[in-house]
Amino acid sequence: RLEQKLASPQFRQKIVSEAKECQDDWRHAVAEMWKLVIHKTIISVEKVLRSRSKLTRPDVQTCFSIIKLCDIPDESAVPEEAMLRGTFRLERKEVRAVINVCAELIDNNDVLEVAELDILDMLAYIAGSRGYVVYLRSQAEYTIFFEEVSVRIKDESLPLDVRQKSAEVFYNLCSTAEELGITMNLLVAGCIKMVAEWCANAYRNSHNEAGGSERIPFLEMSPLIAGITCMIRANMEHAMLPVKRHGRAILRLAKSRYRRVADRTQRHVLNEYFLCHLLVAQTAGTLSGLLPGDLGDLGEASLTPRMINDLLQLAMNRQSEAQNQQPGEPLVDEIQQTHLELTAQLLSCAQRQSLCKLECEKIGADPTTILLNMVDSIPDTDQLLRANASNSDKGAPLVAQDVVSNSPFIKNVLKVLHDESQGILSGRPSSQRGEENGGPILTPILLVLQKSVKEAERQASSAKTLLQILAACAEAFPAGGCWASRTKTCWAVIPTKETDPKQKKFSVNRQVRRCDVSDL
């Protein structure tokens, strides 16, 4: 009866009206009323747990329903309050009491037999609510959630919906903590190991059984991958060593599953993890003293040139499928932006790794010597200022043409664009082809995209995808580092903070990759 009354909009409005008549601060009065309701509800559940009576599923559902009703906004709630705190009315004491009763219920085997999914649903609700998570201050309170998740996702005998709900609890807590800026440094290693063990087991089962790869429950895998991505992003430096130890299993499963995921939303989860793994490798390289953007050593989880090329091909092959096809929606939405960013980052890494290898093979120099020469060739601030109006690379030795032509950017983007332009223009009058074949590669493609014909729809669509990749590279690397044709003279020091405008001295510098004028 209490649940029915509290769920009634008329009854809730009556409470607000009476509170306004009695007190000026009516919101505080309503919050105090809800605290009392939650307190009495929890006490009644605890009494049943300590008695010989058994809790039934309706009892558990009623308790959780009353707790959730506390967060339903009243009709008279002002937008400013909802924006700042939402409708959350509980404080630290009540939040702790709610978490304690959930822990008691989930440790009771009799209750688990009848209401395990309901308890996990309540934990997922708490983990996804900022009002609750902001009051979780001790590691023990976070451990309650992660222990229950760890036990259930490893037990394949449990129903699939229970394992999926456990994975949802994990994602909600990691995502909400990242939004609030809460770090969980002491729990990062254990969580990465937990997800890695699940991924290793899923990968092993998919290859031991015929057609097993199609039976990997992505509804269970998706929140686990998304949750660990949020946790790594929020605890980047603390995650490097755990990723080095256990990251290979996560990366391997995500890569193998990427080819079979048809839904763009699910593929977005894998794209975000690849970006996160790439950022971990770059952070490891920075801490190891490498140049900005170079990938550091992550042991078995390292992004080797072969792995970078494999991921690049996967991303480019699925580029057109990542586009938003919903009518009335922007073509490049958040999912497509993430996909384009991943493609640009991978293309930049592949370009740099490939040029280092090709230059080493052509020049015959030791890779260590090449890296040391790159560091020595970075101009200082005074040289940069003196060469402000001139070409700083004037007189630099040109790279062999076959080295540049075999680089990933030329092969995967420019050469394909050239081939597509020839295919598109082949269906046009010879007079127009003669005028445009002698010009730049992009000029005829842009003209055809503007006035595309039915015979060239397929080529135009492919060219459009490549132009999106080209634009993403320009946006992610505005200095042209994505299509730089050399590794030794493609670095510049950009001053970012000026301390003395008259003497033009700078205290903060940033090294960036850039292209040469000849590259343009």
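I started with helix H13 (residues 236-258) and helix H14 (residues 264-287), whose axes come within 10 Å and cross at roughly 145°. Axes here are lines fitted to C-alpha atoms over the stretch in contact, with angles from 0 to 180 degrees between N-to-C directions. Helices are DSSP runs (H or I, at least four residues), numbered from the N terminus.

I am working on a predicted model, where local features need pLDDT of at least 70, side-chain atom pairs need 80 or more, and totals for chains, interfaces and linings use all residues. Residues are numbered from 1 along each chain as its sequence is written, and side-chain values use heavy atoms, without hydrogens or water.

Next I looked at the rings. I count four aromatic pairs (Phe, Tyr or Trp rings, the six-membered one for Trp, with centres within 6.5 Å; planes under 30 degrees apart are stacked, over 60 edge-to-face, the rest tilted).

Tyr125 and Tyr132 pair edge-to-face, 6.5 Å centre to centre with 65° between the planes. Tyr125 is partly exposed at 25% relative accessibility, while Tyr132 is buried at 0% (buried is under 20% relative accessible area, exposed over 50%, partly exposed in between, with a 1.4 Å probe and protein chains only). Lys68 also lies over the face of Tyr125, 5.3 Å from the ring centre (the cut-offs are NZ of Lys or CZ of Arg within 6 Å of the centre and within 35 degrees of the ring normal).

Phe146 and Phe170 are edge-to-face too, at 5.8 Å and 65°. Phe146 sits in H9 and Phe170 in H10, so this pair ties together parts 24 residues apart in sequence.

Last, I noted that ring pairs link Tyr258, Tyr273 and Phe274 into a cluster.

Definitions and conventions:
Helices (H or I, at least four residues) and strands (E, at least two) are DSSP runs, numbered from the N terminus.
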